[in-house]
Amino acid sequence: FPSHDRGDAYGRIKERIDEWNNRTDYDHRNILFKRYRLYICTFEDALRINGSVDLLFDGTVNGTDTKFTDLSVGDVIVIESTSPQYYEISNIADDLNMTVIGDTISPVTGSYFYRSIEITNGTSGYFSYKSQYVVL
């Protein structure tokens with residue numbers, strides 16, 4: 001057996017109880033669980049963004065009569081006629097060109113697009129499960 005005079009800990013944690021009385025059978029002090037943000041779109045005219053878009057395989061979005069500079073990097077938009085429909089804006093070049101990311105990219109031409117609404121559920125907005133309308 002190694003010497004214990006160095007301050008090293010040996011053994012197995014059977015239960016850890018923190019200052020809020022949370023109990024686990026592992027050392028939970030440095031564990032971070034994956035969380036997701038939830039977005040929805042109701043396809044109302046109030047959320048529709050002017051113009052139409054073409055979405056390419058690489059995530060490039062070309063607009064017609066659009067003003068992408070009114071949006072922000074990190075916004076989540078919904079592109080009608082695609083599956084999945086939710087995309088996060090990763091770059092805005094100008095009013096007619098931007099780039100989006102998503103789980104998969106479904107190319108489409110001449111589609112309407114919408115702002116999404118983030119659901120916070122009265123919390124910081126993070127959920128412990130992933131649904132079809134979730135962005136990391």
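**Close-up views of a predicted all-strand chain**

**Figure 1. A salt bridge joins the side chains of D27 and R16.** The nitrogen-to-oxygen distance in this pair is 3.1 Å, where a salt bridge denotes a side-chain nitrogen of Lys or Arg within 4 Å of a carboxyl oxygen of Asp or Glu. D27 lies in the loop between strand 2 (23–24) and strand 3 (36–40), and R16 in strand 1 (residues 16–17), so the pair ties together parts that are 11 residues apart in sequence. D27 is partly exposed at 28% relative accessibility, and R16 is partly exposed at 22%. Here buried means under 20% relative accessible area, exposed over 50%, and partly exposed in between (1.4 Å probe, protein chains only). The structure is a predicted model, in which local features need pLDDT of at least 70 and side-chain atom pairs count only at pLDDT 80 or more, while totals for chains, interfaces and linings use all residues. Residues are numbered from 1 along each chain as its sequence is written, and side-chain values use heavy atoms, with hydrogens and water left out.

**Figure 2. R23 and E15 form a salt bridge through their side chains.** The nitrogen-to-oxygen distance is 3.1 Å. E15 has a relative accessible area of 47% and is partly exposed. A search of the whole structure finds 2 salt bridges. Side chains of opposite charge can pair when their charged atoms come close.

Figure 3. Strand 5 (residues 60–64) and strand 8 run antiparallel and are joined by 3 bridges, pairing being assigned if DSSP finds at least two bridges between two strands. T60 has T99 of strand 8 as its bridge partner. The protein chain contains 0 helices and 12 strands; helices (H or I, at least four residues) and strands (E, at least two) are DSSP runs, numbered from the N terminus.

**Figure 4. The largest nonpolar core contains 15 residues.** A nonpolar core is a set of buried Ala, Val, Leu, Ile, Met, Phe, Trp, Tyr and Cys residues joined through side-chain atoms within 4.5 Å. The residues with the most contacts inside this core are F68, L71, I77, I79, M98, V100 and F113. Two or more core residues come from each of strand 4 (48–55), strand 6 (76–79), strand 7 (86–94), strand 8 (97–101) and strand 9 (108–115). Beyond residues up to four places away in sequence, L71 touches I49, I77, I89, I92, M98, F113 and R115, a contact being heavy atoms within 4.5 Å. A second, separate core has 7 residues, including Y39, C41, L47 and Y86. In the protein chain of 136 residues, 29% are buried.

**Figure 5. G74 occupies the loop between strand 5 and strand 6.** G74 is partly exposed, with 33% relative accessibility. Apart from neighbours within four places in sequence, G74 is in contact with E88 and I89. The C-alpha atoms of G74 and I101 are separated by 9.8 Å, the two residues lying 27 residues apart along the chain. Among contacts in the protein chain between residues at least 6 apart in sequence, 59% join residues at least 24 apart.
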